[in-house]
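Welcome! Please take a look at the sequence and the 3D structure shown here before reading on.

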Amino acid sequence: MEEYLISFDNLKKIVDGFIKEGSDVISISKNGDRFVRLEKSDDIILNPEQRPSDISAKEFLFPRTEPIFFYCKQKESVEIIDKEPQKRQVLVGLKPCDAASLGIMHRVFNWDYRDEFFNRRYDNTLIIGLACKYVDDYCFCTSVNISPTSTRGSDLFLIPLSDGRFVVQVVTDKGKEIVSRNSQMFEKADPDSGKAVIDSIKGPQKKFDSKKVKEWLDKNFETDLFNPIGDICLGCGQCAFVCPTCHCFDIVDEDYRYGEGRRMKNWDSCQFYLFTLHASGHNPRDTQAKRYRQRVNHKFKYYIDRFGEILCTGCGRCSRGCPVAIDIGGIVTRIENLT
Amino acid sequence: MADLISIVKGILESKKVDVVVGYTRATSPNRTRPIVIRNASEADALVIDSSCLNNLATYLTRKENKGGKVGIVAKGCDVKAIVQLIVENQIKRENVYIIGVKCNGVKKGFEVEDSKVLSEKCLNCNVKTPHLYDELVEMGSDNLSGKDEKAELIAKLEAMSPQERFAFWEKEFEKCIRCYACRQACPLCYCERCIADKSMPRWVETSATKRGNFAWNIIRAFHLSGRCIGCNECERVCPAGIPLSLLNRKMAMVAKSEFGYESGMSLDAPTLIGTYDVKDKEDFIK
């Protein structure tokens with residue numbers, strides 16, 4: 001992989017260039033709770049020790065709410081007005097667990113149907129990843145084929161050096177183009193100049209073997225394992241909504257004037273009772289334990305069956321933020337121990 | 001004063017209750033989580049300390065628990081919720097066995113900084129020893145202290161013009177992702193079908209837009225006026241960090257100043273919305 005060196009100041013200059021050309025630049029907010037659009041490059045925070053934001057960056061590719069089209073009923077017809085195309089955006093400082101998530105979601109949005117909304121954003125997005133030095137009880141990226149220094153999902157990947165500069169790994173052609181367009185900002189790096197830093201980052205200890213977890217899930221759809229979780233789970237959608245890979249959505253029409261309105265695509269969660277409630281009144285997932293089973297199976301079995309990928313990047317957000325401290329890493333570890 | 005674990009074992013063995021809802025240690029040792037205990041042998045997992053933040057009364061109205069007798073570990077604020085649920089005819093007093101906790105205040109949250117600070121709701125607590133219980137246990141003291149920043153913010157909001165206040169809430173509600181964690185954590189949000197989930201017709205827009213978010217958050221607040229007991233779980237669980245306690249506390253302040261009413265304090269007091277007094281102020285009729 002090609003590697004360069006860049007100073008923080010030069011990095012900011014490149015970001016200012018993005019803002020000037022009209023791109024949205026997105027980075028973590030000052031208090032670290034979410035990702036926000038930046039007005040100026042000085043607001044960029046690149047802190048590898050930062051805790052993952054409370055809410056992931058997925059909403060910039062898959063917004064919590066988005067109009068698919070606007071409609072206006074005429075006398076004998078309906079006029080459909082399409083949404084304006086998406087502008088270019090740059091996500092700066094994504095942790096490996098966040099950067100990887102976007103490619104994982106890309107699979108489901110390009111399967112039996114190509115979701116033009118996700119894809120338009122995906123194609124118009126440049127991702128600058130940042131090595132991660134944060135670990136807490138809820139991190140488990142190393143158990144789901146990701147590491148604090150994995151470049152997956154990033155176009156450019158930054159490794160912070162002790163002198164304040166960054167090693168820039170060029171991961172994709174999109175990233176390469178940025179380097180060649182701003183070549184005067186980059187210095188050629190010695191091979192493996194980031195190696196010492198990479199080697200020093202331990203990352204979370206591996207908690208479970210995802211293959212063994214899947215083997216158990218393959219054989220144990222009917223199980224008591226999720227009952228104690230069903231007992232305490234409140235059935236809020238916090239876990240799904242802060243998750244960087246959860247991608248379920250609901251479609252609703254909203255009339256905002258008589259005969260005029262919009263069709264909206266809104267986040268949804270399998271933890272809601274309403275999610276599987278049939279019009280007949282029957283609900284196949286009628287208990288919270290069944291709904292939690294779905295969450296675990298979707299992430300560690302169904303998605304692997306269909307796309308060969310785990311639908312989880314081990315960021316720990318769902319568990320860190322859970323009102324009742326349900327810890328998915330701990331539950332999956334318990335499953336592994338049952339095999 | 002007996003200890004928690006032996007009380008729980010006792011009431012399960014003597015079949016005084018079918019289940020007990022309490023707290024146990026979570027993955028992170030500085031956190032606790034709720035646990036439902038059905039056999040006396042599981043009771044050893046119970047803990048009680050200043051990291052027991054959840055208001056477990058929210059489990060009392062669950063369909064699964066209806067009809068049975070439930071033992072519940074409850075701090076004073078949680079007991080307020082239990083009292084309110086009894087007053088609102090959602091549960092029967094004889095079906096709850098309250099293991100009251102003499103509480104010295106709980107942590108603000110589980111993040112490193114928050115865990116060193118006393119929760120704001122504890123600063124003016126009037127139920128450190130619960131006002132209703134069947135057994136009483138004690139919680140150790142961590143000598144936490146904190147500052148009531150929200151009281152200052154409420155005063156600031158009161159001084160604002162309606163336009164400024166609207167702008168303030170517009171900015172806060174913009175953050176809402178409509179996960180409904182506030183509703184699910186609330187012990188007094190027990191409607192079998194929430195108006196936000198009704199789609200024929202759709203009353204509240206599910207979109208996380210300005211209009212949808214205003215509609216949801218204001219309806220939630222209205223539904224709790226004169227009912228919210230101030231456990232502050234909605235605010236604690238909000239992943240978007242919306243200061244919901246500002247709304248809840250302001251409503252409670254009005255209930256107190258206008259009607260001398262405090263929810264969740266007495267089994268004999270009628271609900272604020274469900275009663276009237278000829279001496280009620282009528283100066284709002286102009």
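## About the model

This is a predicted model: local features need pLDDT of at least 70, side-chain atom pairs count only at pLDDT 80 or more, and totals for chains, interfaces and linings use all residues. Residues are numbered from 1 along each chain as its sequence is written, while chains are lettered from A and ligands numbered from 1 in the order in which they are written.

## Chain A as a whole

Chain A has 11 helices and 12 strands; these are DSSP runs numbered from the N terminus, with helices being H or I of at least four residues and strands E of at least two. Chain A is as compact as a globular protein of its length, because its radius of gyration of 22 Å is close to the 20 Å that the globule rule gives for 339 residues. That radius is taken over C-alpha atoms, and the rule is 2.2 Å times the number of residues to the power 0.38. Along the principal axes, the C-alpha atoms of chain A fill a box of roughly 65 × 65 × 35 Å.

Of the 339 residues in chain A, 44% are buried, meaning that 20 or more other C-beta atoms, placed from the backbone, lie within 10 Å of the residue's own.

## Two domains

Chain A is assigned domain 1 (3-200) and domain 2 (210-338), with bounds that come from an automatic or database domain assignment. Their C-alpha centres lie 25 Å apart. Where they meet, 35 residues of domain 1 are in contact with 30 residues of domain 2; contact means that the C-beta atoms, placed from the backbone, lie within 7 Å.

On the domain 1 side, β4 (65-73) and α2 (96-108) of chain A are the elements that give two or more residues. The largest share, nine residues, comes from β4(A).

## A look at α2

Which residues of α2(A) are buried? Among them are A:P96, A:C97, A:L102, A:I104 and A:M105. The cover over the buried residues of α2(A) includes β6 (89-94), α3 (116-123) and β7 (125-130) of chain A.

## Meeting chain B

Chain A also touches a partner: 28 residues of chain A are in contact with 26 residues of chain B. On the chain A side, at least two residues each come from α7 (227-232), α8 (238-242), β11 (249-257) and β12 (260-267).

Methods:
Contact = placed C-beta atoms within 7 Å. Buried ≥ 20, exposed ≤ 12 C-beta atoms within 10 Å, placed from the backbone.
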